[in-house]
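Subject: Structure handover

Hello,

Here is the structure I promised to pass on. Please open it next to this email and follow along.

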Amino acid sequence: MSALFAPTVPRLAALPPSRRALEIPTSPDRPVLTARVARLRGAGSMVRGRISRLSVRDVRFPTSLGGHGSDAMHTDPDYSAAYVVIETDAEDGIKGCGITFTLGKGTEVVVCAVNALAHHVLNKDLKDIVGDFRGFYRQLTSDGQLRWIGPEKGVVHLATAAVLNAVWDLWAKQEGKDPRMLVSCIDFRYITDVLTEEDALEILQKGQVAKKEREKQMLAQGYPAYTTSCAWLGYSDDTLKQLCAQALKDGWTRFKVKVGADLQDDVRRCQIIRDMIGPEKTLMMDANQRWDVPEAVEWMSKLAKFKPLWIEEPTSPDDILGHAAISKALVPLGIGIATGEQCHNRVIFKQLLQAKALQFLQIDSCRLGSVNENLSVLLMAKKFEIPVCPHAGGVGLCELVQHLIIFDYISVSASLKNRMCEYVDHLHEHFKYPVMIQRASYMPPKDPGYSTEMKEESVKKHQYPDGEVWKKLLAAQEN
Ligand SMILES: C[C@H](O)[C@@H](O)[C@@H](O)[C@H](O)C(=O)O
Ligand SMILES: [Mg+2]
């Protein structure tokens, strides 16, 4: 039902109206493509085209000017994206769009990496790519020369995410997916000690039970969200109060506040927000990797009175045992550990789970190797019974990750307990299929694809350094 995964919606939406009548909604015991439809189209004809063009652009939004997105470590973030578009020779006008999220200057480095990866995609048939998606994923992440500057982490992995997100968008616009197909996209290398292909299939098959009810529930109520928009670190107390009052009016019940730079500031800001939202509503805190391990425990002991559900990224994202130590100290105070937005790959997530280092797992649609790698993490989280609460915000992260988390609920976790997806109220107007929030919940996307496509006008305006917005800003800086 989420447009990326539910077999019915993307295909219905992608087809011309005259052919929609042929579609029969899928159910667990019905193949994705019904025999009748397959016969009419010619089996396999849904996946079509050879990738004939890949373009990548450096798109930046000057969010730092308003302090939007600021935290204890990223004080002047310009929300940006390396924006990839792939086209095919199929002459159907369908293109695949992919992004990865970056902050300003970092974008130009990611753009270079995308260009370095492009030859893996160009001139390939989409059918061959998705026919062996696991192999293709491995080809991209195991490039004999590029993996040296990864492997599967940092700039090359962000570039991999952007490229693969475009492939998923293209594929999702063309056809739906079933459990076996999804499992065949996952590279299980390095994780078979906790999740095998058989485990994955078993989880997904169990996830088919009562799936229709969960789909209906999502369509009616949406997926619960929380907001980070009120309490960026660079916001004044007045802005914080004003945004918080508005969010309460809009029905938000879960809030995240940035902490970690100055304890007195944190105490004051947390007091303001707790007073405004009251004792019952949910509060989360995010330190963005600011502390050492003992410092994290000490600092959070002082903020415990504000009853945070979790502290996010208390220390280096690479410090698995450090997270475990912090978790051991803070869980007795009722504070869980959340992390993931800067986790390199599935291996780090595996170890975080093995080490009992987190209580909330935060996948990121643009840092991990696209849907392929995120699927493996969702399945591992299910195996360890750790709730997934995705990282979103940035540019387009909400648009992408809503597909993953709604899929998680419908087909993997089957639970909403302790689960919610981040929401940030910025930059959605630049997307062709922006997220829809109702009653503080993500309403399932119904348009074809992965909601990755940006409006051409927005891309042109914000392209760095020649777009209209940057030309003006850069000229003003010179004067
Ligand atoms: C620089 C960014 O805005 C981060 O502060 C942001 O992604 C944040 O960690 C979050 O959890 O939303
Ligand atoms: Mg965060």
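A word on naming: helices (H or I, at least four residues) and strands (E, at least two) are DSSP runs, numbered from the N terminus. A cis peptide bond joins P465 to Y464, with omega at about 0 degrees. Please keep in mind that this is a predicted model.

There is another cis bond to look at. It joins G150 and P151, and omega there is about -15 degrees. P151 sits in the loop between α6 (133–141) and α7.

Three strands make it up, in the order β1-β2-β3. The sheet is open, and its pairing is antiparallel. At the edges are β1 (51–60) and β3 (95–103), each of which pairs on one side only. From one strand to the next, the twist averages 15 degrees. Strand β2 covers residues 79–88, and nine bridges tie it to β3. One pair to pick out is Y79 with its bridge partner L103 in β3.

Two helices to note pack on this sheet. Helix α4 (residues 106–117) touches β1, β2 and β3. The direction of α4 makes about 170 degrees with that of β1. Helix α7 touches β2 and β3, and its direction makes about 150 degrees with that of β3.

Helix α7 also meets another helix. How do the axes of α7 and α16 cross? They cross at roughly 95 degrees and come within 7 Å. Angles of 65 to 115 degrees count as roughly perpendicular, and α7 and α16 are therefore roughly perpendicular to each other. Here α7 spans residues 154–174 and α16 spans residues 370–384. On the α7 side, the contact involves A161, L164, N165 and W168. On the α16 side are S370, V371 and N372. By class, these residues are four nonpolar, three polar and no charged.

Now the ligand. Which residues surround ligand 1? They are G69, D71, H74, P77, T228, D286, N288, E341, H391, G393, G394 and E422. This shell has one nonpolar, seven polar and four charged residues.

Some backbone details remain. Helix α11 (residues 237–249) has 13 residues. From its first C-alpha to its last, α11 reaches 18 Å, close to the 18 Å expected at 1.5 Å a residue. Just after α11, G251 takes a positive phi of about 95 degrees. A440 has a positive phi too, of about 55 degrees, although it is not a glycine. Why point that out? Most residues other than glycine have a negative phi. To find A440, go to the loop between β11 (436–438) and β12 (441–443).

Best wishes

Definitions and conventions: Residues numbered from 1 in each chain as written. Chains lettered and ligands numbered in written order. Predicted model: local features only at pLDDT ≥ 70, side-chain atom pairs only at ≥ 80, totals over all residues. Axes fitted to C-alpha atoms, helices over the stretch in contact; angles between N-to-C directions. Parallel < 35°, antiparallel > 145°, perpendicular 65-115°, else oblique. Contact = placed C-beta atoms within 7 Å. Nonpolar A, V, L, I, M, F, W, Y, C, P; charged D, E, K, R; others polar. Expected span 1.5 Å × (residues − 1). Near = placed C-beta within 6 Å. Pairing = 2+ DSSP bridges.
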